[in-house]
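Have the sequence and the 3D view at hand.

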Amino acid sequence: MVKKNSIIFLLPLLFIFFFQSSLAASITYNVVSLGAKADGKSDSSKAFLSAWAAACGSANPATIYVPNGRFLLGRITFAGQTCKNTRITFRIDGTLVAPSNYNVIGNSGNWITFQRVTGVSVLGGTLDGQGTGLWSCKNSGKNCPTGATSLGFYNSNNIVVNGLTSLNSQMFHIIIYACRNAKLQGTKIMAAGNSPNTDGIHVQLSTSVSILNSRISTGDDCISIGPGNSNLWIENVACGPGHGISIGSLGWDLQEPGVQNVTVKTVTFKGTQNGVRIKTWARASNGFVKSVLFQHLVMDNVQNPVIIDQNYYPNNKNCPGQVSGVKISDIMYQDIHGTSATAVAVNFDCSKKYPCSNIKLVDVNLSYKDQTAQASCSNVGGTSSGVVKPSSCF
């Protein structure tokens, strides 16, 4: 039998053991302690990379903390190839600022990159891409850099982005490329409606990606879905200004992975160029789009609320006399209502060679100037049920 005195003696030791264990369970690296300056002028890239190296080397969960202030970063890559840690959190209270001279990172492709990381979370904070100067250059027709994407995750798994704000990116705001299990929640993206190529969130070659509870105002697609995506869930998003939510453009390459199992629900589009769009290049391809649900959508003065465009060739270039090889099937539009800014609210312009099939309209009610809008169909087969206005043209 264990004596009472022995138990009393052991209690302090157990407390010390568990207290030390809890301290060892997580460690925080403050970028200011590592040399970062919160003045928006001094390049803090080295301090951020030092924090990343320390976090990667830790056997325990690690937090990289960015306090209030503006921290200038040049082009920076957080590489995970040799990272031992699969539980790293960036907790950001401040603002990360891109160089004001757009030429510094304008041809680098990306500003902030995560490459081959696992288990990284980015919580809070603001990214200021300072892209207005580059937009002006592009809109003037001058010879300008392409522009850098503000934040990119590549070949990465188990990613969380929660409560991040992205302002005025040079090009795309966020890219998820060749990733598995990524969750973006509470994201706020803002750029001018005339800012060129500033897609809000672009997803490509990825699986099990969710985009939730977000507000996106930009000059291009609020969300763009490229080739090779599956199991994508988009819910509770406000879009506008912008070009809507687009699957595509697809079918540029002859050998191209398809898009399948996509859900877009509870989205409001306000003053956008498009609502929900599927677009494919009018050229040969073995790509496909199937098993897509567009549900519970509100259109507020949207130019093209529902559109499939398989004759996409801007400025009549790159596709003379060709037809799209992308096969589109099993697409449902359910509970979509609101107003169109043009007379044609539903436009299905599908491939002559591979017509769209099994397109379903369920309870779609769109008006134009207090009148029923029009529908246009070309090379498409499907069904309609419930109240469908404009009347189905299948």
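The points below cover ring pairs, charges over rings and a cavity.

This is a predicted model: local features need pLDDT of at least 70, side-chain atom pairs count only at pLDDT 80 or more, and totals for chains, interfaces and linings use all residues. Residues are numbered from 1 along each chain as its sequence is written, and side-chain values use heavy atoms, with hydrogens and water left out.

**Ring pairs**
- The count is 14 aromatic pairs (rings of Phe, Tyr and Trp, its six-membered ring, with centres within 6.5 Å; planes under 30 degrees apart are stacked, over 60 edge-to-face, the rest tilted).
- Trp52 and Phe90 are stacked, because their ring centres lie 6.1 Å apart and their planes meet at 25°.
- Trp52 is in helix H2 (residues 45-57) and Phe90 in strand E6 (residues 88-92), 38 residues apart.
- Trp52 is buried at 5% relative accessibility, and Phe90 is buried at 3% (buried: under 20% relative accessible area, 1.4 Å probe, protein chains only).
- Ring pairs join Trp52, Phe78, Phe90, Phe114 and Phe153 in a cluster.

**Charges over rings**
- Lys290 lies over the face of Phe288, 5.3 Å from the ring centre (cut-offs: NZ of Lys or CZ of Arg within 6 Å of the centre and within 35 degrees of the ring normal).
- The charged end of Lys327 sits over the Tyr354 ring, 4.2 Å from its centre.

**Cavity**
- The largest cavity has a volume of about 100 Å³ (a cavity: points on a 1 Å grid where a 1.4 Å probe fits but cannot get out; lining residues have an atom within 4 Å of a point).
- Its lining residues include Phe78, Phe90 and Phe114.

How values were computed
Helix = DSSP H or I, 4+ residues; strand = E, 2+ residues; numbered from the N terminus. Buried < 20%, exposed > 50% of the residue type's maximum accessible area, 1.4 Å probe, protein only. 1 Å grid on protein atoms, 1.4 Å probe; cavity = no way out; pocket = protein on both sides within 12 Å on 5 of 7 lines; lining within 4 Å. Points joined across faces, edges and corners; volume = space filled by probe spheres on them.
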